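Biologist: I would like to learn how to read helix packing and cavities in a model. Could you take me through a case?

Modeller: Gladly; let us look at it together.

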Amino acid sequence: MKALLHRHRELCERAVDPLEIAVGLEAHGVTDRTAARYRHRDVFSLAEELHARVPHNTERPSPEPRPLPVPRVRADWLLLTLLPGALGAATVTGLRLVQGTPRLLVALGGLLTVALATRAALCHSPLAGPPGTRAGRTVSGARAGRTVPGARAGRTTTIGTRVGALWTLWLLGYALLGDGLLHAVLTGGPDAPPTGAAEGTWPTATAPALALLLACAPAAWCAHLIAAGAHRGLTGSRTLRQFTAAVTPLLLGAYALFLAVLAALVALCGSALHQPAAYPQALTLGALLLPARLLTARHHRRAPARALGAAVLVEALALALPAAGRLPGCAFLAVPVQTLVDAGGEAAVPVLACGIAALALLRHAGRTLTRASAHAPTGAPE
(Lines give C-alpha, C1' and ligand atoms only; values in the text may rest on other atoms or scores of the structure.)
Protein backbone atom coordinates (compact mmCIF):
# COMPACT_ATOMS: atom_id res chain seq x y z
CA MET A 1 0.00 0.00 0.00
CA LYS A 2 2.89 2.38 0.74
CA ALA A 3 4.29 1.83 -2.75
CA LEU A 4 0.88 2.50 -4.28
CA LEU A 5 0.50 5.68 -2.22
CA HIS A 6 3.92 6.90 -3.31
CA ARG A 7 3.24 6.15 -6.98
CA HIS A 8 -0.08 8.01 -7.04
CA ARG A 9 0.49 10.59 -4.31
CA GLU A 10 -0.08 13.67 -6.48
CA LEU A 11 -3.30 12.20 -7.85
CA CYS A 12 -4.58 11.45 -4.35
CA GLU A 13 -3.55 14.82 -2.92
CA ARG A 14 -5.37 16.81 -5.58
CA ALA A 15 -8.51 14.67 -5.73
CA VAL A 16 -11.47 15.84 -3.70
CA ASP A 17 -13.48 12.60 -3.81
CA PRO A 18 -12.74 8.87 -4.15
CA LEU A 19 -14.32 8.59 -7.61
CA GLU A 20 -11.68 10.94 -9.01
CA ILE A 21 -8.97 8.69 -7.62
CA ALA A 22 -10.75 5.59 -8.92
CA VAL A 23 -10.92 6.93 -12.48
CA GLY A 24 -7.28 8.00 -12.32
CA LEU A 25 -6.22 4.56 -11.04
CA GLU A 26 -8.25 2.89 -13.78
CA ALA A 27 -6.52 5.04 -16.40
CA HIS A 28 -3.18 3.79 -15.04
CA GLY A 29 -4.27 0.17 -15.49
CA VAL A 30 -5.33 -0.61 -11.92
CA THR A 31 -8.14 -3.19 -12.06
CA ASP A 32 -10.34 -4.95 -9.52
CA ARG A 33 -7.85 -7.82 -9.59
CA THR A 34 -5.10 -5.39 -8.61
CA ALA A 35 -7.31 -4.02 -5.84
CA ALA A 36 -7.83 -7.56 -4.53
CA ARG A 37 -4.09 -7.81 -3.85
CA TYR A 38 -4.56 -4.93 -1.42
CA ARG A 39 -7.55 -6.71 0.18
CA HIS A 40 -10.20 -4.54 -1.44
CA ARG A 41 -13.22 -5.76 -3.36
CA ASP A 42 -12.80 -3.27 -6.25
CA VAL A 43 -10.95 -0.18 -7.47
CA PHE A 44 -13.45 2.20 -5.88
CA SER A 45 -12.97 0.65 -2.44
CA LEU A 46 -9.21 0.97 -2.87
CA ALA A 47 -9.65 4.61 -3.94
CA GLU A 48 -11.68 5.32 -0.80
CA GLU A 49 -8.81 4.12 1.41
CA LEU A 50 -6.24 6.12 -0.57
CA HIS A 51 -8.42 9.20 -0.28
CA ALA A 52 -8.68 8.71 3.48
CA ARG A 53 -4.97 8.04 3.99
CA VAL A 54 -3.38 10.81 1.95
CA PRO A 55 -3.37 14.36 3.36
CA HIS A 56 -4.70 16.69 0.68
CA ASN A 57 -2.49 19.48 -0.55
CA THR A 58 -4.22 22.72 0.41
CA GLU A 59 -1.12 24.93 0.25
CA ARG A 60 -0.27 24.43 -3.39
CA PRO A 61 -2.74 26.29 -5.61
CA SER A 62 -4.61 24.00 -7.92
CA PRO A 63 -5.72 24.94 -11.41
CA GLU A 64 -9.22 26.15 -12.02
CA PRO A 65 -11.54 23.17 -12.37
CA ARG A 66 -12.70 22.41 -15.87
CA PRO A 67 -16.04 20.63 -16.13
CA LEU A 68 -16.41 17.70 -18.43
CA PRO A 69 -17.75 19.15 -21.71
CA VAL A 70 -21.29 18.15 -22.54
CA PRO A 71 -21.38 16.71 -26.10
CA ARG A 72 -23.50 18.91 -28.32
CA VAL A 73 -24.92 18.48 -31.78
CA ARG A 74 -23.19 20.98 -34.07
CA ALA A 75 -24.13 21.99 -37.59
CA ASP A 76 -20.53 21.66 -38.87
CA TRP A 77 -20.12 17.97 -38.11
CA LEU A 78 -23.68 17.25 -39.21
CA LEU A 79 -22.89 18.61 -42.67
CA LEU A 80 -19.44 17.05 -42.85
CA THR A 81 -20.73 13.55 -42.06
CA LEU A 82 -23.33 13.88 -44.83
CA LEU A 83 -20.69 14.98 -47.35
CA PRO A 84 -19.06 11.55 -48.12
CA GLY A 85 -22.40 10.00 -48.99
CA ALA A 86 -23.46 13.00 -51.07
CA LEU A 87 -20.20 13.01 -53.04
CA GLY A 88 -20.38 9.24 -53.44
CA ALA A 89 -23.90 9.51 -54.86
CA ALA A 90 -22.76 12.30 -57.19
CA THR A 91 -19.85 10.17 -58.42
CA VAL A 92 -22.11 7.18 -59.11
CA THR A 93 -24.53 9.43 -60.99
CA GLY A 94 -21.68 10.92 -63.03
CA LEU A 95 -20.36 7.47 -63.97
CA ARG A 96 -23.79 6.55 -65.31
CA LEU A 97 -24.09 9.69 -67.41
CA VAL A 98 -20.70 9.75 -69.14
CA GLN A 99 -18.71 7.31 -71.27
CA GLY A 100 -15.16 7.01 -72.54
CA THR A 101 -12.29 9.08 -71.19
CA PRO A 102 -14.48 11.46 -69.13
CA ARG A 103 -15.74 8.40 -67.26
CA LEU A 104 -12.22 7.67 -66.00
CA LEU A 105 -11.76 11.30 -64.96
CA VAL A 106 -15.07 11.26 -63.09
CA ALA A 107 -14.07 8.06 -61.30
CA LEU A 108 -10.67 9.40 -60.24
CA GLY A 109 -12.06 12.78 -59.20
CA GLY A 110 -14.88 11.12 -57.29
CA LEU A 111 -12.52 8.83 -55.39
CA LEU A 112 -10.30 11.76 -54.43
CA THR A 113 -13.12 14.01 -53.25
CA VAL A 114 -14.83 11.19 -51.35
CA ALA A 115 -11.55 10.33 -49.60
CA LEU A 116 -10.99 13.97 -48.58
CA ALA A 117 -14.59 14.35 -47.43
CA THR A 118 -14.40 11.17 -45.37
CA ARG A 119 -11.18 12.34 -43.74
CA ALA A 120 -12.78 15.69 -42.86
CA ALA A 121 -15.84 13.96 -41.42
CA LEU A 122 -13.68 11.72 -39.23
CA CYS A 123 -11.59 14.65 -37.99
CA HIS A 124 -14.47 16.99 -37.13
CA SER A 125 -17.26 14.84 -35.71
CA PRO A 126 -17.94 12.62 -32.70
CA LEU A 127 -15.97 9.93 -34.57
CA ALA A 128 -12.85 12.03 -33.94
CA GLY A 129 -13.20 11.61 -30.17
CA PRO A 130 -13.27 14.22 -27.41
CA PRO A 131 -11.24 17.43 -27.77
CA GLY A 132 -7.91 17.84 -26.07
CA THR A 133 -4.64 15.93 -26.20
CA ARG A 134 -2.80 17.35 -23.25
CA ALA A 135 -1.48 15.42 -20.32
CA GLY A 136 -4.11 16.47 -17.81
CA ARG A 137 -7.30 14.42 -17.59
CA THR A 138 -10.66 15.80 -16.62
CA VAL A 139 -13.09 13.49 -14.88
CA SER A 140 -16.50 13.88 -13.39
CA GLY A 141 -18.20 12.29 -10.42
CA ALA A 142 -20.89 13.43 -8.10
CA ARG A 143 -19.00 16.73 -8.14
CA ALA A 144 -17.53 17.18 -11.63
CA GLY A 145 -14.66 19.22 -12.90
CA ARG A 146 -11.32 18.44 -11.23
CA THR A 147 -8.17 17.75 -13.20
CA VAL A 148 -6.54 14.43 -12.45
CA PRO A 149 -2.84 14.73 -13.28
CA GLY A 150 -0.59 11.95 -14.41
CA ALA A 151 -2.86 10.22 -16.94
CA ARG A 152 -1.13 11.04 -20.16
CA ALA A 153 -3.06 11.06 -23.42
CA GLY A 154 -1.82 9.43 -26.61
CA ARG A 155 -0.70 11.52 -29.51
CA THR A 156 -3.37 12.49 -32.01
CA THR A 157 -1.43 11.08 -34.96
CA THR A 158 0.39 7.77 -34.48
CA ILE A 159 1.64 4.94 -36.61
CA GLY A 160 -1.30 2.86 -35.44
CA THR A 161 -3.75 5.47 -36.70
CA ARG A 162 -2.10 5.66 -40.13
CA VAL A 163 -1.98 1.88 -40.45
CA GLY A 164 -5.62 1.61 -39.41
CA ALA A 165 -6.59 4.20 -42.04
CA LEU A 166 -4.69 2.26 -44.70
CA TRP A 167 -6.44 -0.98 -43.77
CA THR A 168 -9.80 0.81 -43.81
CA LEU A 169 -9.17 2.05 -47.36
CA TRP A 170 -8.31 -1.49 -48.45
CA LEU A 171 -11.51 -2.90 -46.91
CA LEU A 172 -13.66 -0.23 -48.55
CA GLY A 173 -11.91 -0.84 -51.86
CA TYR A 174 -12.50 -4.58 -51.55
CA ALA A 175 -16.20 -3.92 -50.85
CA LEU A 176 -16.33 -2.07 -54.18
CA LEU A 177 -14.09 -4.26 -56.35
CA GLY A 178 -13.03 -7.33 -54.39
CA ASP A 179 -15.79 -9.82 -55.12
CA GLY A 180 -15.62 -9.08 -58.83
CA LEU A 181 -11.83 -9.35 -58.86
CA LEU A 182 -11.92 -12.67 -56.97
CA HIS A 183 -14.44 -14.04 -59.47
CA ALA A 184 -12.20 -12.92 -62.34
CA VAL A 185 -9.10 -14.49 -60.77
CA LEU A 186 -10.86 -17.81 -60.19
CA THR A 187 -12.08 -17.90 -63.80
CA GLY A 188 -8.69 -17.15 -65.36
CA GLY A 189 -8.77 -13.33 -65.48
CA PRO A 190 -8.90 -10.48 -65.12
CA ASP A 191 -8.53 -9.66 -68.78
CA ALA A 192 -9.59 -6.00 -68.50
CA PRO A 193 -9.87 -3.29 -65.85
CA PRO A 194 -13.22 -2.74 -64.11
CA THR A 195 -15.78 -0.77 -66.07
CA GLY A 196 -17.76 0.43 -63.07
CA ALA A 197 -20.77 -1.66 -64.04
CA ALA A 198 -22.40 -4.50 -62.13
CA GLU A 199 -22.03 -6.83 -65.13
CA GLY A 200 -19.01 -7.91 -67.14
CA THR A 201 -15.90 -9.91 -66.37
CA TRP A 202 -15.03 -7.69 -63.38
CA PRO A 203 -18.31 -6.49 -61.82
CA THR A 204 -18.33 -3.57 -59.41
CA ALA A 205 -20.43 -3.65 -56.23
CA THR A 206 -21.46 0.00 -56.12
CA ALA A 207 -24.49 -0.40 -53.84
CA PRO A 208 -22.72 -1.61 -50.66
CA ALA A 209 -19.85 0.85 -51.13
CA LEU A 210 -22.27 3.77 -51.47
CA ALA A 211 -24.28 2.57 -48.47
CA LEU A 212 -21.13 2.52 -46.33
CA LEU A 213 -20.36 6.11 -47.34
CA LEU A 214 -23.90 7.18 -46.49
CA ALA A 215 -23.53 5.39 -43.14
CA CYS A 216 -20.88 7.90 -42.05
CA ALA A 217 -23.63 10.19 -40.70
CA PRO A 218 -25.45 7.49 -38.67
CA ALA A 219 -22.09 6.34 -37.29
CA ALA A 220 -21.36 9.88 -36.07
CA TRP A 221 -24.81 10.06 -34.46
CA CYS A 222 -24.22 6.74 -32.66
CA ALA A 223 -20.84 7.99 -31.42
CA HIS A 224 -22.56 11.17 -30.19
CA LEU A 225 -25.19 9.13 -28.32
CA ILE A 226 -22.47 7.06 -26.66
CA ALA A 227 -20.50 10.17 -25.65
CA ALA A 228 -23.60 11.89 -24.23
CA GLY A 229 -24.63 8.76 -22.34
CA ALA A 230 -21.12 8.33 -20.94
CA HIS A 231 -21.18 11.95 -19.74
CA ARG A 232 -24.46 11.31 -17.91
CA GLY A 233 -23.02 8.11 -16.48
CA LEU A 234 -19.94 9.88 -15.14
CA THR A 235 -22.09 12.59 -13.63
CA GLY A 236 -24.50 10.23 -11.90
CA SER A 237 -22.36 7.22 -11.00
CA ARG A 238 -20.83 6.68 -7.59
CA THR A 239 -18.73 3.63 -8.45
CA LEU A 240 -16.95 2.35 -11.52
CA ARG A 241 -19.22 -0.70 -11.65
CA GLN A 242 -22.28 1.53 -11.64
CA PHE A 243 -20.84 3.45 -14.59
CA THR A 244 -20.12 0.23 -16.50
CA ALA A 245 -23.65 -1.04 -15.87
CA ALA A 246 -25.06 2.21 -17.27
CA VAL A 247 -22.84 2.42 -20.37
CA THR A 248 -22.87 -1.23 -21.52
CA PRO A 249 -26.50 -1.31 -22.76
CA LEU A 250 -26.01 2.11 -24.34
CA LEU A 251 -22.99 0.87 -26.30
CA LEU A 252 -24.75 -2.27 -27.50
CA GLY A 253 -27.91 -0.34 -28.35
CA ALA A 254 -26.02 2.22 -30.44
CA TYR A 255 -24.18 -0.63 -32.21
CA ALA A 256 -27.46 -2.38 -33.06
CA LEU A 257 -29.02 0.92 -34.20
CA PHE A 258 -26.11 1.57 -36.57
CA LEU A 259 -26.40 -1.88 -38.14
CA ALA A 260 -30.16 -1.45 -38.59
CA VAL A 261 -29.68 1.90 -40.34
CA LEU A 262 -26.87 0.46 -42.47
CA ALA A 263 -29.13 -2.42 -43.55
CA ALA A 264 -31.79 0.08 -44.59
CA LEU A 265 -29.22 2.10 -46.56
CA VAL A 266 -27.96 -1.04 -48.33
CA ALA A 267 -31.53 -1.91 -49.34
CA LEU A 268 -32.14 1.65 -50.56
CA CYS A 269 -28.92 1.78 -52.61
CA GLY A 270 -29.50 -1.66 -54.09
CA SER A 271 -33.01 -0.67 -55.16
CA ALA A 272 -31.92 2.69 -56.58
CA LEU A 273 -28.96 1.26 -58.51
CA HIS A 274 -30.73 -1.99 -59.52
CA GLN A 275 -27.91 -4.05 -58.01
CA PRO A 276 -27.82 -6.89 -55.48
CA ALA A 277 -28.01 -5.44 -51.97
CA ALA A 278 -25.04 -7.50 -50.69
CA TYR A 279 -26.23 -7.39 -47.08
CA PRO A 280 -23.65 -9.84 -45.62
CA GLN A 281 -20.62 -8.01 -47.03
CA ALA A 282 -21.83 -4.52 -46.10
CA LEU A 283 -23.11 -5.40 -42.62
CA THR A 284 -20.03 -7.33 -41.54
CA LEU A 285 -17.75 -4.55 -42.77
CA GLY A 286 -19.86 -1.92 -41.03
CA ALA A 287 -19.87 -4.03 -37.87
CA LEU A 288 -16.06 -4.00 -38.00
CA LEU A 289 -15.50 -0.34 -38.89
CA LEU A 290 -17.74 1.22 -36.22
CA PRO A 291 -16.04 -0.26 -33.11
CA ALA A 292 -12.66 0.27 -34.77
CA ARG A 293 -13.41 3.98 -35.14
CA LEU A 294 -14.88 4.30 -31.65
CA LEU A 295 -11.77 2.73 -30.11
CA THR A 296 -9.41 4.81 -32.25
CA ALA A 297 -11.23 8.00 -31.25
CA ARG A 298 -10.69 7.04 -27.58
CA HIS A 299 -6.93 6.62 -28.16
CA HIS A 300 -7.01 2.81 -28.25
CA ARG A 301 -5.43 2.29 -31.66
CA ARG A 302 -3.53 -0.98 -31.39
CA ALA A 303 -6.48 -3.38 -31.25
CA PRO A 304 -8.37 -1.76 -34.17
CA ALA A 305 -5.23 -1.80 -36.33
CA ARG A 306 -4.70 -5.50 -35.58
CA ALA A 307 -8.33 -6.45 -36.24
CA LEU A 308 -8.47 -4.48 -39.50
CA GLY A 309 -5.08 -5.87 -40.51
CA ALA A 310 -6.25 -9.45 -39.92
CA ALA A 311 -9.29 -8.89 -42.16
CA VAL A 312 -7.08 -7.33 -44.85
CA LEU A 313 -4.67 -10.28 -44.68
CA VAL A 314 -7.46 -12.81 -45.24
CA GLU A 315 -8.81 -10.87 -48.22
CA ALA A 316 -5.35 -10.39 -49.72
CA LEU A 317 -4.57 -14.11 -49.38
CA ALA A 318 -7.90 -14.97 -50.99
CA LEU A 319 -6.82 -12.99 -54.06
CA ALA A 320 -3.18 -14.08 -54.05
CA LEU A 321 -3.55 -17.83 -53.54
CA PRO A 322 -5.64 -18.55 -56.67
CA ALA A 323 -3.24 -16.41 -58.74
CA ALA A 324 -0.27 -18.32 -57.30
CA GLY A 325 -2.09 -21.59 -57.99
CA ARG A 326 -1.67 -20.98 -61.73
CA LEU A 327 2.06 -21.65 -61.41
CA PRO A 328 3.20 -25.16 -62.42
CA GLY A 329 2.77 -27.60 -59.54
CA CYS A 330 1.06 -25.03 -57.28
CA ALA A 331 -2.59 -25.78 -58.03
CA PHE A 332 -3.08 -26.89 -54.42
CA LEU A 333 -2.71 -23.26 -53.27
CA ALA A 334 -6.05 -22.33 -54.82
CA VAL A 335 -7.95 -25.22 -53.23
CA PRO A 336 -8.89 -23.50 -49.89
CA VAL A 337 -10.23 -20.38 -51.60
CA GLN A 338 -12.02 -22.35 -54.31
CA THR A 339 -13.64 -24.59 -51.69
CA LEU A 340 -14.84 -21.57 -49.70
CA VAL A 341 -16.21 -19.87 -52.83
CA ASP A 342 -17.96 -23.05 -53.94
CA ALA A 343 -19.66 -23.26 -50.55
CA GLY A 344 -20.69 -19.63 -50.08
CA GLY A 345 -19.80 -17.66 -53.19
CA GLU A 346 -17.28 -14.84 -53.48
CA ALA A 347 -19.06 -13.03 -50.64
CA ALA A 348 -17.92 -15.72 -48.20
CA VAL A 349 -14.40 -14.27 -48.14
CA PRO A 350 -15.16 -10.73 -46.85
CA VAL A 351 -17.97 -12.03 -44.62
CA LEU A 352 -15.62 -14.50 -42.95
CA ALA A 353 -12.72 -12.02 -42.72
CA CYS A 354 -14.70 -9.04 -41.43
CA GLY A 355 -17.17 -11.04 -39.35
CA ILE A 356 -14.57 -12.76 -37.18
CA ALA A 357 -12.57 -9.54 -36.78
CA ALA A 358 -15.76 -7.64 -35.88
CA LEU A 359 -16.70 -10.13 -33.16
CA ALA A 360 -13.22 -9.96 -31.64
CA LEU A 361 -13.15 -6.15 -31.78
CA LEU A 362 -16.65 -5.81 -30.35
CA ARG A 363 -15.62 -7.95 -27.40
CA HIS A 364 -12.58 -5.72 -26.86
CA ALA A 365 -14.70 -2.57 -27.17
CA GLY A 366 -17.16 -3.97 -24.65
CA ARG A 367 -14.35 -4.22 -22.10
CA THR A 368 -12.62 -0.95 -23.00
CA LEU A 369 -15.36 1.56 -23.79
CA THR A 370 -17.32 0.72 -20.65
CA ARG A 371 -14.48 2.00 -18.46
CA ALA A 372 -14.84 5.46 -16.99
CA SER A 373 -11.31 6.48 -17.93
CA ALA A 374 -12.03 5.83 -21.63
CA HIS A 375 -14.47 8.75 -21.69
CA ALA A 376 -12.32 11.45 -20.15
CA PRO A 377 -11.65 14.35 -22.58
CA THR A 378 -8.13 13.22 -23.42
CA GLY A 379 -9.02 9.58 -23.75
CA ALA A 380 -7.09 6.69 -22.30
CA PRO A 381 -3.81 6.04 -24.05
CA GLU A 382 -2.65 2.53 -24.63
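Biologist: To begin, is the crossing in which α12 passes α15 left-handed or right-handed?

Modeller: Keep in mind that this is a predicted model. In it, the crossing of α12 past α15 is left-handed.

Biologist: How do I describe such a pair more fully?

Modeller: In general, two packed helices are described by the angle between their axes and the distance between the axes. Here, helix α12 covers residues 279-297 and helix α15 covers residues 348-368; their axes come within 8 Å and cross at roughly 30 degrees. Angles under 35 degrees count as roughly parallel, and α12 and α15 are therefore roughly parallel to each other.

Biologist: Which residues in α12 meet which in α15?

Modeller: On the α12 side they include Thr 284, Leu 288, Pro 291 and Leu 295, and on the α15 side they include Val 351, Cys 354, Leu 361 and Ala 365. Sorted by class, this contact has 14 nonpolar residues and 5 polar ones, with no charged residues.

Biologist: Now the other partner: at what angle do helix α13 and α15 pack, and how far apart are their axes?

Modeller: Helix α13, residues 302-324, packs with α15 at an angle of about 165 degrees, and their axes are 9 Å apart. Angles over 145 degrees count as roughly antiparallel, so α13 is roughly antiparallel to α15. The crossing of α13 past α15 is right-handed.

Biologist: What makes the contact there?

Modeller: From α13, the residues include Ala 307, Ala 311, Val 314 and Glu 315; from α15, they include Val 349, Ala 353, Cys 354 and His 364. By class, the contact of α13 with α15 has 12 nonpolar, 1 polar and 1 charged residues.

Biologist: Which residues line the largest cavity?

Modeller: Its lining is made of Ile 226, Leu 251, Tyr 255, Leu 290, Pro 291, Leu 294, Leu 362, Ala 365 and Leu 369. The elements giving two or more residues to this lining are α11 (240-273), α12 and α15. Of these, α12 gives the most, with 3 residues.

Conventions: Residues numbered from 1 in each chain as written. Predicted model: local features only at pLDDT ≥ 70, side-chain atom pairs only at ≥ 80, totals over all residues. Heavy atoms only, no water. Axes fitted to C-alpha atoms, helices over the stretch in contact; angles between N-to-C directions. Helix = DSSP H or I, 4+ residues; strand = E, 2+ residues; numbered from the N terminus. Parallel < 35°, antiparallel > 145°, perpendicular 65-115°, else oblique. Left-handed = near helix turned anticlockwise from the far one by under 90°. Contact = heavy atoms within 4.5 Å. Nonpolar A, V, L, I, M, F, W, Y, C, P; charged D, E, K, R; others polar. 1 Å grid on protein atoms, 1.4 Å probe; cavity = no way out; pocket = protein on both sides within 12 Å on 5 of 7 lines; lining within 4 Å.
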